[in-house]
Amino acid sequence: MTIDLSEQVRRGLTAFPKTLPPVLFYDEEGSRLYEAITDLPEYYLTRAERSIFVQHADELVDLALGGASTGRPLTVVELGAGSASKTELLLAAVLRRQPTCVYVPIDVSRAAIEGAARRLAVNLPAVRVRGIVASHEQALPELATIEGPALAMFIGSSIGNLDDQDAGRLLRDLRQALGARASLLLGTDLRKSSEVLIPAYDDAAGVTAAFNKNVLARINRELGGRFDLARFRHLARWNEARSRIEMHLQSADDQSVAIDALGLVVHFRRGETIHTESSVKYDLAHVARLLEASGFSPPRVYFDDGRRFAVHLARSAP
Ligand code: AVI
């Protein structure tokens, strides 16, 4: 099961204001561009979170196992796994406590899951990969069959791409699917100056602009769209009231764009935008509220040295 591209594009581009959901970024090219973003000097998130795992992986796994007291091995589930390169640090820590580990990466990109499985087969052959190519909502029912304790990972501040209502619903559904012996490892980017945030989403090399515009290129490739990418501009804005970075694609002029496979012509005014992504930046109370409302206990929180990013380890509340 994968996403319904036609339906999502039709709905988003006939809405006012126009939107496209961020899940559409991640075809093969978009996944490649996102990996490139994670190496950019301006995009501190991945390095900050990785440094937390380097320092605390063993403690995080102990906490995830603690209280399970079933003697059964831990299964690791990851929502939006991507290349899973940071996850490898956690999986290595799991393998220091048990001989094998089942790892269930969930991602809409088959290429990303296959790439992660190939790398893990070389680096950590004792990990058994059971990937699910699907959206989170589609994959959750399959998780109910996991036996024993489970550690669900939702890292990289991917939760920030959801509004609070959707984030709360997803965490609640995850808690329900995994049951009482589950732990959640949640990575969140923290509120900080827009002078740091804007460049992180509008880098000097233009990789984030290419990532944003790839959604139009994808519509051209897969749905016979006629977008001229040069007539759209990448925008990254800080929305103080909603504590989030917003990415938009702004039309450079009045234009009409046909999407052949949908039998649709989309009209744009000069300066009109398509809102393609929000990336919420949290304070700790905000995350604690979300977790509590979703059935998780108050988390243990870990920070990188610059306190730019936080990793929260929470258990299912009794
Ligand atoms: C995947 N997600 C958490 C990234 C973010 O920071 O919101 C996606 C991204 N968008 C632009 N740069 C990175």
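1. In E4, valine 127 is the bridge partner of cysteine 101. E3 and strand E4 (residues 127-129) run parallel and are joined by three bridges; strands count as paired if DSSP finds at least two bridges between them. Helices (H or I, at least four residues) and strands (E, at least two) are DSSP runs, numbered from the N terminus.

2. A word on provenance: this is a predicted model, in which local features need pLDDT of at least 70 and side-chain atom pairs pLDDT 80 or more, while totals for chains, interfaces and linings use all residues. Numbering starts from 1 along each chain as its sequence is written, and side-chain values use heavy atoms, leaving out hydrogens and water.

3. Strand E2 (residues 75-79) pairs with E3 in the parallel sense over four bridges, with valine 77 opposite valine 104. Strand E5 (residues 132-133) is also parallel to E3, through two bridges, and there isoleucine 132 faces isoleucine 106.

4. Strand E3 (residues 101-107) is largely enclosed by the rest of the structure, because six of its seven residues are buried (under 20% relative accessible area, 1.4 Å probe, protein chains only).

5. A polar side-chain atom of tyrosine 43 lies 2.5 Å from a ligand oxygen atom, and for serine 279 a side-chain N or O atom is 2.7 Å from a ligand oxygen. Taken alone the ligand exposes 340 Å², of which the protein buries 98% (Shrake-Rupley method, 1.4 Å probe).

Methods:
Buried means under 20% relative accessible area, exposed over 50%, partly exposed in between (1.4 Å probe, protein chains only). A polar contact is a pair of N or O atoms within 3.5 Å; within protein, one must be able to donate a hydrogen and the other to accept it, and residues adjacent in sequence count only if both atoms are side-chain atoms.
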